[in-house]
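Me: I am new to this structure and would like to learn how to read its features one at a time. Could you take me through some of them, giving the general idea before each case?

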Amino acid sequence: MTTFFSQHPVLAAVLGLLLLALVFGALLGYAAIRYKVEGNPIVEQIESLLPQTQCGQCSYPGCRPYAEAIANGEEINKCPPGGESTMIALADLMGRDPVPLDADPDTIGMKKVAFIREDECIGCTKCIIACPVDAIVGATKLMHTVIERDCTGCELCVAPCPVDCMDMLPIETTAKTWSWSIPQGPNARFQANVFATDGGQA
Amino acid sequence: MRSLWDFHGGIHPDENKQQSLQQPLADAPLPKKVVLPLQQHIGAASEPIVQVGDKVKTGQCIAKADGFVSANIHASISGTVVAIDEQPIPHPSGMSDLCISIESDGLDQWVDLTPVTDWQTADTETLIQAIAKAGIVGLGGAGFPTAVKARTRERHAIDTLVINAAECEPYITADDISMQTYPEQIIIGAQILCQLVNPSSCLIGVEDNKSDAIKALQKAAQGTHIEVVVIPTKYPSGGEKQLIKILTGREVPSGGLPADIGVVCQNVGTTLAIAQAITLGQPLVSRVVTLTGNAFTRRQNLQVRLGTPIHELLAYAGYNAAIASRLVMGGPMMGFSLLSDQLPVVKTTNCILAPTAQEFPDPEPENPCIRCGMCEQACPAELLPQQLHWFAKAQEFEKAQLFNLFDCIECGACAYVCPSHIPLVQYYRFAKSEIRKESEEAKKAERAKIRFEQRQARLEREEAEKVAQREARMAAAAAATAAKKAAEASQSTNLDSATGTSAHNTAAAPLATASHAATSQLDEAALKKLKIQRAAAAVALKKAEKALTEAKDNGVDVETLNTLDQQLNAAQQKLNTIDQQLGKEISPAAATSSANATASLNAGAQAEHEKALKQAKIAAAASKAAVKKAEKALIHARENEGVEEISAKEQALVIAQNLAQKAAEKLEALNQAPVAASVAAPSQSASTVEANSSDTGQAEYEKALKQAKIAAAASKAAVKKAEKALIHARENEGAEEISAKEQALVIAQSLAQKAAEKLEALNQTPVAASVAAPSQPASTVEANSSAETGQAEYEKALKQAKIAAAASKAAVKKAEKALAQAQEKGDATEIDQCTDAVNSAKNKAEAAANKLKQLTEAKAAIVE
Amino acid sequence: MAFIRVSSPHLHRPLSTHQVMRYVILATLPGLATLTYLFGWGSLINVLLASAFGLVFEAIVLKMRKRNPMPALKDNSALLTCVLLGLALPPLAPWWMLATGSFVAIVIAKQLYGGLGNNPFNPAMVAYALLLIAFPVEMTQWISPARLLEHTPDLVSSLQAVFGHPQIADAFTMATPLDGFKHKGELMADEYWRQNAFMPEKVWEAWALSSIAFMLGGLFLLWKKIFTWHIPVAFLGSLGLLSLLAYGADASNFASPMIHLFSGATMLGAFFIATDPVTAATSNKGKLWFGAGIGVLVFVIRTWGNYPDAVAFSVLLMNFAAPLIDYYSQPRSFGHKKPRKGIKHDA
Ligand code: SF4
Ligand code: SF4
């Protein structure tokens, strides 16, 4: 045996390598089973990045179907409510290149909420049927109203309304929801956030 | 000498306190008009209890605390309420909020004050109530309602009471001058607090740069167990956590409260306000404000009425706008710049700073961070400000949180020392609010997802059910056809045999028999009809009786009682008429052909209605069953505690209720039809027909009402369920769960409201119907049926509305409790959430109350 | 008056980046003066030339990056980098070495990484290391302490040496004590000192004097609270301790702590280079680790490595480690029981 190997060094080397490969392969295989990470299925991960507006602007009936479609190779730029950031997060997750959003740039990322002009509402229930998250309450011939908290701003209820009493209102900032913006950063000259100038009393 | 501890970092900016200490404390001139924001404190905004045009006196409560964490607001001058609307408030955003504006009458008439003279012996509750009544909040800056803090002992073991008199911010001397001017009162305030908190030691921490104040306090504190502790001057030793560390060596745990380590901390100004509220009965209508900065010619401390417009103070203190570089409310380290001078002084305003450009030059442009670590050396929270800044700038919020961003107290020490002039605090504020927003959004997305999925599931289920039903119906139809065919086959056989056996019979006899049979049939039908009428009338009578007793029980005014009495009589009369008619019908001799014809006509209409009604009834019953089922499912779901399931069930309930409503509406429609029919009918037997139709109307209304009642009850049940679920969730303390439950509650409440509305709507219809009916028949009948029905319905609607109101009240209470808990936990986000919940519940309650009012009014109208 | 929205705090300590940098530059002056006094004009020419090159490069790069160069030039950071580089390079280094060094420091090590505050490595040391690898001979020749030996290269010949006649410089240069010690061959330490009879006392004194001058500058900065004591103390402490142990164990083979601490770039490194805040660890604890790490590396490389001095390499290596150190040396924040270790999710 030893002599055989010493006489055929090339063979010995090849055999040795093979053996090593086998051993490591077995080790790796074992490790893969033993230390298997129960990863989130990709669809779940994608879905967790989508804003859950359920608006269907991606042409899929809801966020989940779009997530599934992305997993199967659909473009990642079809979610206007999510905006740039969602698209980039998706690109990150899927290892794809970011692509510009496929939407009207003015509407991207704008937070809105549906509002029913209640005295105009005829109680047709059409909007209730359209709302993907059951955020509208009301009953036939009675005034309807939007639960602001649950409204995702998907606008799906606007079109069905026969009397056009549905408005999409941008969510307004109040003193309670106001917050400081990020500073301009280095090298930006201080531009006083001037609100009023005042000759003032002496 | 008590041993003191030190906290990490801190800075020593120029104190600049002497400028405003040259003059003694003085009263600011009375303002001509005050603007009092409804939110001057942490927690829920107060609820106005005055109306525009009301005359108020100084010290009169004009807005009540709304919820557990909230505070009363009092008129700070006497005069007239001129507006309750949005006004710019002192806030970094420069935005507006609801305010009550009072125009002074120049008299400054006070309400009668009710001091607690025996405070040494008074019980805790009395004192706390007095503090709450006076609307006292933390005057140091945060504005936390003091009464709430005073209750800390109910939940925590407290051994140390710390009175924060450090006043470490440069420039401000409001506390200093208060201590110099009212040392005795401050000590009394501290003693009152001791009585509430019952600590083993009470420490007043004062920075060593206030020697006059220290002397005054020490003199006043002689003979008490209150200790005046002099601490070294260093910013921010007046930070609650820092002061506690200095005095006790204990650190308030991250995200915790001082109470967690057995300490309660109150600002010295608050202590003074407490003393004044208890010993003088004086509510919080003024406070000490420092006016300082070189753009003033008179730098001093003033006792200022809350709500005083700042520009009046500026004018008083000789403000020179030309040389001022900005206006700051609060101190130079933590105050915020004002965007206008048309803003009121509020409870937390301790200083108005008008510096010149030499004092506060415009911020220098930001340079890159050179990681010099000076910020770290200065940070009292022992954070790494440079890293936080880095993460905030790169919007890596997760990492920022891992570096304890939320332990930053925004003291500004880091930005003060940063040689690169980085507005570090702004970065942190930005990051914090972004993080809060993100988590809100994530929650919202999660909720939307759940709701969407549930809806999806529900739609599928409904579809499946529909298909199943359709199939069942088809099968039934097929079976019926088969049965019919079989029957026909057998009948034809019978017929054949009959023809065969009696072929020789004459034609006359059967004809007579037939005609006789027809007549008797007609009679019977009329009889039946009358019987039904009688039953309906009897029901109406019963109802009226019940209404009367109820009204009597509830002590309704005499007039209503009389009307009800009349109604009862009318019902009785109607019943009698019907009874008489019934008697006539029974005697066969009276059966004339015309009567027969009428009767037949009536009977036909009646039968049809009966059928339609039956159908409607079935539909109603079905929907009722559905509602019940949904309710049961909801109960079940609640027991199983799955939020998702619950909301799915609630949705089912909503649908069931919608169905119920539809059924009710159908009933209503049916209702109108007989009236029309009877109008079209010949008027010979008009009176009976009328009576009949109105009777039918009555019965139908009864049903519709029943239906509506069921719906209302169902929604009430849903409300209750949701409430219970909420309580449960609250016990398990998952904020998310709580908010889900709250939502459910909101939905349920809105349903309840809807149901009530429906009742109301139903209410109005019968009136219209009976008015539309021809007026030949006895006016009594009409009046009777409409008024009676109306009465009964109102009773129901009222009940309904009452239920709704009660439910919403309960919801408010619940939400408040949740808020209190959140507040205890000190989680600002949660507090906000709960506050919102409380507000929305409040709104609901108000709506319900309004409805109740409307109903009561409408009732009066109907009765007339 | 304008109503402006500015975030608190409204007060600011009157100390800006450019002032910080100026303080540091000022603090190098005693060292520079001593060097000039002892070793002739070389160091001064180095510093001036390197600074001029550095500022020009900085301006050009900023222009190319479409930034306004003025604020950046005014912040004195480029100046400081070049001053340090000039001090670290041997006196009478040829002009092209200074130019290369400034270019590497300013353009490659600093601006290409995004400018001030974003460079992971100490620019002066990157340049120094690169020059050391590229021109090992020039870099290890140090001018002999002229004043002490009465061989003063005058200003003219100094300039000539810098601009194109390195052979002039050769006449004045010799190996640094550390380099000499490194290449002592088989000689024992004390024999080495004895053999180089002209070197010991006086040369040693010259090195020690300039080291002390740098140390004084550093102490001034400490007093001014420009940086904290952590890095210099940890650096000098660990280096001193290790060399003491080694010297105590085997005095014939190891240099004494005095040589380690007071010759070469030790003091310059400890107070001016390792303390460069941009590239050092950031928390106090982290700074201790960082400084100690440099000390250990300096000792190891000086003793067993191929290069005579090691401050540049050690600093660069620890710059590498700084982010890691930062992750694991977060201070315990107020109200927390334990510091957080690293960026881990404790979910
Ligand atoms: S003080 Fe400013 S420049 Fe220095 S490390 Fe902190 S943020 Fe950076
Ligand atoms: S503002 Fe925050 S980070 Fe800055 S010093 Fe104060 S606590 Fe520390």
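Me: Which strands does helix α7 of chain B lie across, and at what angle does the helix run to β12(B)?
Reply: Helices (H or I, at least four residues) and strands (E, at least two) are DSSP runs, numbered from the N terminus, while axes are lines fitted to C-alpha atoms, for helices over the stretch in contact, and angles run from 0 to 180 degrees between N-to-C directions. In this predicted model, helix α7 (residues 268–280) of chain B lies across β9 and β12 of chain B, and its direction makes about 80 degrees with β12(B). Residues are numbered from 1 along each chain as its sequence is written, with chains lettered from A and ligands numbered from 1 in the order in which they are written. Local features need pLDDT of at least 70, side-chain atom pairs count only at pLDDT 80 or more, and totals for chains, interfaces and linings use all residues, while side-chain values use heavy atoms, leaving out hydrogens and water.

Me: How do β9 and β12 of chain B pair?
Reply: Two strands pair if DSSP finds at least two bridges between them. Strand β9 (residues 160–165) of chain B and β12(B) are joined in the parallel sense over five bridges, and Leu161(B) has Val264(B) as its bridge partner in β12(B).

Me: Which strands stand at the edges of the sheet?
Reply: The sheet is open, with four strands in the order β11-β10-β9-β12 (chain B) and parallel pairing. At its edges stand β11 (226–231) and β12 (263–267) of chain B, each with a single partner strand, so one side of each has no neighbour in the sheet. From one strand to the next, the twist averages 25 degrees.

Me: Is Lys449(B) buried or exposed, and which residues does Lys449(B) touch?
Reply: Buried means under 20% relative accessible area, exposed over 50%, and partly exposed in between (1.4 Å probe, protein chains only). Lys449(B), which lies in helix α13 of chain B, has a relative accessible area of 18% and therefore counts as buried. Contact means heavy atoms within 4.5 Å, and, leaving aside residues up to four places away in sequence, Lys449(B) touches Glu47(A), Gln52(A) and Gln54(A).

Me: How many residues surround ligand 2?
Reply: A residue is near a molecule if one of its heavy atoms lies within 4 Å of it. Ligand 2 is surrounded by 14 residues, and the closest are Cys379(B), Cys408(B), Cys411(B), Gly412(B) and Cys414(B). Two or more residues of this shell come from each of α12 (413–417) and α13 (424–501) of chain B.
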